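Subject: Structure handover

Dear colleague,

Here is the structure you asked about, with the sequence. My notes follow below it.

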Amino acid sequence: MKQYVKIHKHFVLRFINLLLIVCTCLAYHNIAVARAENEAKIEALNQKSGSWNDGTYEGSGQGYGGKIVISVTVENGSISDIQIKEAKNEDSAYLDNAKKIIDTMKKKQTAKVDTASGATFSSNGIIEAVQNALKEAKK
């Protein structure tokens with residue numbers, strides 16, 4: 001009987017240790033997610049209306065196949081349009097996939113967005129070009 005209690009005692013202690021580890025991981029994950037959401041909100045507020053001078057600005061960035069030139073239109077201090085003006089050497093499949101981030105930039109009113117999966121270099125070129133254009137529009 002003593003061995004039976006001893007075996008279960010070790011099992012219970014190990015189970016409690018496992019529960020503590022899982023709870024700690026979940027708590028850390030929740031804190032990290034909340035922090036990321038707060039940082040995104042702060043960044044969005046910093047980039048909202050009135051952050052830029054109205055007008056159309058050009059910027060360029062290095063994509064997968066070379067230089068990407070972007071035109072960014074700002075109306076009422078907000079990004080209203082982003083157009084790709086030139087991407088001569090870009091692979092069309094990568095560029096088409098990377099274009100998805102343009103809508104995200106317009107919605108979030110920032111160039112600080114995630115790259116499109118499967119088109120990282122082209123996405124980075126678009127992001128860099130928009131950032132350079134928005135530097136020209138800064139108040």
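A residue is called buried here when its relative accessible area is under 20%, exposed when that area is over 50%, and partly exposed in between. Please keep in mind that this is a predicted model.

Helix α4

By that cut-off, the buried residues of α4 are Ser-122, Ser-123, Gly-125, Ile-126, Ile-127, Ala-129, Val-130, Ala-133, Leu-134 and Ala-137. Among the elements that cover them are three strands, β1 (55-62), β2 (67-75) and β3 (78-86). The helices α2 (92-98) and α3 (100-108) are also part of that cover.

The C-alpha atom of Lys-135 is 8.8 Å from that of Gly-59, although 76 residues separate the two along the chain.

Aromatic pairs

Rings are paired when their centres lie within 6.5 Å, and by this rule there are 3 aromatic pairs. One of them is formed by Phe-11 and Phe-15: the ring centres are 6.3 Å apart and the planes meet at 20°, so this pair is stacked. Both residues sit in helix α1 (residues 2-46), and because they are 4 residues apart, about one helical turn separates them. Phe-11 has a relative accessible area of 55% and is therefore exposed. Phe-15, at 43%, counts as partly exposed.

Another pair is Tyr-64 with Phe-121, which is tilted, with 6.4 Å from centre to centre and 40° between the planes. This pair links distant parts of the chain, since Tyr-64 is in the loop between β1 and β2 while Phe-121 is in helix α4, 57 residues apart. Is Tyr-64 buried, partly exposed or exposed? At 47% relative accessibility, Tyr-64 counts as partly exposed. Phe-121 reaches 55% and so counts as exposed.

Tyr-64 and Phe-121 also belong to a cluster that ring pairs form together with Tyr-94.

Regards

Definitions and conventions. Residues are numbered from 1 along each chain as its sequence is written. This is a predicted model: local features need pLDDT of at least 70, side-chain atom pairs count only at pLDDT 80 or more; totals for chains, interfaces and linings use all residues. Side-chain values use heavy atoms; hydrogens and water are left out. Buried means under 20% relative accessible area, exposed over 50%, partly exposed in between (1.4 Å probe, protein chains only). Helices (H or I, at least four residues) and strands (E, at least two) are DSSP runs, numbered from the N terminus. Contact means heavy atoms within 4.5 Å. Rings of Phe, Tyr and Trp (its six-membered ring) pair if their centres lie within 6.5 Å; planes under 30 degrees apart count as stacked, over 60 as edge-to-face and the rest as tilted.
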